[in-house]
Amino acid sequence: MLVKINPETKVFGIIGFPLSHSLSPVMHNRAFEELGINAVYLYFPCREVGGVVAGMKSLSIKGLSVTIPHKEKICRYVDELDPIAKSIGAINTLVNKGEKVIGYNTDAYGAVMALKSRIEDLRAKKVLIIGAGGASRAIGFALKEEGAEISITNRTEQRGIALAKELKAQFYPFSDIRGDFDIIIQTTPLGMYPEIEKMPSVPDSIFEKKPVVMDIIYNPMETAFLKLAKKKGCETISGVDMFVYQGAKQFELWTGKQAPVSIMRETVISFLKGKNR
Ligand SMILES: NC(=O)c1ccc[n+]([C@@H]2O[C@H](COP(=O)([O-])OP(=O)(O)OC[C@H]3O[C@@H](n4cnc5c(N)ncnc54)[C@H](OP(=O)(O)O)[C@@H]3O)[C@@H](O)[C@H]2O)c1
C-alpha cells in the first residue's frame with residue numbers, strides 16, 4: 001500500500017521497543033484507507049519515553065499506540081489520565097488534543113468486547129485469569145467493573161497475590177487451582193510465535209466445566225493452549241478479537257468516527273495467514 005501524503009496528512013503511530021512484530025500499522029492504515037481519512041500510521045521505535053508527550057505536541061502527532069515496555073512508565077508524563085487508565089495504572093493509547101495529551105487504556109475494552117461477543121452478561125461469571133502482568137491487570141479491572149468473580153493464578157506467587165488483593169480476587173498457585181470456571185483467560189506470553197508449542201503448566205481439571213477459553217496472544221491465532229481447550233470441548237476465543245477491538249477503540253478516540261471493525265479484522269487475519277508478508 002502506497003500512502004499519498006500532503007501537508008494536511010495527520011500523523012499517528014506506535015511507540016515501544018522492539019516494534020517489528022506489531023500489526024497495529026497494517027490494521028490502522030487499512031482503516032484510514034477504508035474511511036478515506038487523510039492520515040498515516042507509522043512505527044516509532046522508542047527506548048525512552050521521557051520526551052514523547054512534548055514530541056507529540058511540537059510535531060503535531062495526533063495519536064500514538066503504546067506497547068511493551070512503556071505502558072506503565074508513560075503514565076507519569078501525560079497531562080491527563082482517563083479514569084479507566086488511572087485505575088489500571090497503564091496506558092496503551094495517547095490522544096493529542098492540542099493543549100493536552102490524554103492517556104487511555106483500550107486493552108481492557110478490547111478484552112471485554114471479545115468476551116461479550118460470546119457471553120453477553122458477565123455478571124457473577126467465574127473467571128480464571130492466568131498471569132498477573134499488565135494485560136492481566138487491565139482485564140481484571142474491566143471484568144470487576146462488569147461484576148465478574150475473578151480468580152488469579154501466576155508463576156510468581158507474590159505478584160499474583162498482590163494483584164488478587166487489589167482486585168479482591170482469589171489467588172491460586174499454578175499447581176493448585178481449585179474451583180469451577182465459566183471463563184478462562186490466558187494472559188502470559190507462553191505460546192507466542194516462534195515458541196508456539198508452549199503453554200502455562202496449569203492442570204487439565206480447569207477445563208472440566210467446559211468454560212469459554214480466551215488466549216490474548218494473537219500470533220498464532222490459535223495457540224497450543226486454545227487447541228488443548230478445544231480438544232477438551234471448550235468454546236475458544238483468539239487474541240485477534242481483543243487486538244481488533246482495542247484497535248477499534250483507539251481509532252474512534254483519534255478520529256471520532258466508527259471504526260471499520262470487520263475490515264480491521266480481515267486485514268489482521270490475512271496478514272497473520274501470511275498473505276501480506
Ligand atoms: N490481544 C491483545 O490485544 C493484547 C493486548 C495486550 C497484550 N497482549 C499479549 O499479552 C501478553 C502479556 O502481555 P503483558 O503486557 O501482560 O506482559 P507482562 O506485563 O510482561 O506480564 C507477563 C505475564 O506472563 C507471565 N509469564 C511470562 N513468562 C512466563 C513463563 N515462562 N512461565 C509462566 N508465566 C510467565 C508473567 O509471570 P511472572 O509474574 O511470574 O513473571 C506475567 O504474569 C503478551 O503476549 C502480549 O503480546 C495481547
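The largest nonpolar core holds 33 residues, and Leu115, Ile139, Leu143, Ile152, Ile185 and Met214 touch the most other members. At least two residues of this core come from each of these elements: helices H4 (107-116), H5 (134-145), H6 (157-166) and H8 (239-255), and strands E7 (126-130), E8 (149-153), E10 (183-186) and E11 (212-215). Domain 1 and domain 2 each give this core at least three residues. The model is predicted.

**Cores**
- Ile139 is one of the residues that touch the most other core members.
- Beyond neighbours within four places in sequence, Ile139 is in contact with Ala111, Ile129, Ile185, Thr187, Ile216 and Met242.
- A second, separate core has 24 residues, including Ile14, Ala39, Tyr104 and Leu272.

**Domain layout**

**Domain interface**
- Ten residues of domain 1 are in contact with nine of domain 2.
- The two domains bury about 920 Å² between them, and 75% of that lies on carbon and sulfur atoms.
- Ile88, Met242 and Leu272 supply 55% of the area domain 1 buries against domain 2, more than any other three residues.
- On the domain 1 side, helix H3 (83-88), H8 and helix H9 (261-272) each give two or more residues that touch domain 2.
- Zero salt bridges are counted between domain 1 and domain 2.
- One residue pair is in polar contact between the domains, with both residues at pLDDT 80 or more.

Terms used:
Residues are numbered from 1 along each chain as its sequence is written. This is a predicted model: local features need pLDDT of at least 70, side-chain atom pairs count only at pLDDT 80 or more; totals for chains, interfaces and linings use all residues. Side-chain values use heavy atoms; hydrogens and water are left out. A nonpolar core is a set of buried Ala, Val, Leu, Ile, Met, Phe, Trp, Tyr and Cys residues joined through side-chain atoms within 4.5 Å. Buried means under 20% relative accessible area, exposed over 50%, partly exposed in between (1.4 Å probe, protein chains only). Helices (H or I, at least four residues) and strands (E, at least two) are DSSP runs, numbered from the N terminus. Domain bounds come from an automatic or database domain assignment. Contact means heavy atoms within 4.5 Å. Buried area is the accessible area (1.4 Å probe) that two parts lose on being put together, summed over both. A salt bridge is a side-chain nitrogen of Lys or Arg within 4 Å of a carboxyl oxygen of Asp or Glu. A polar contact is a pair of N or O atoms within 3.5 Å; within protein, one must be able to donate a hydrogen and the other to accept it, and residues adjacent in sequence count only if both atoms are side-chain atoms.
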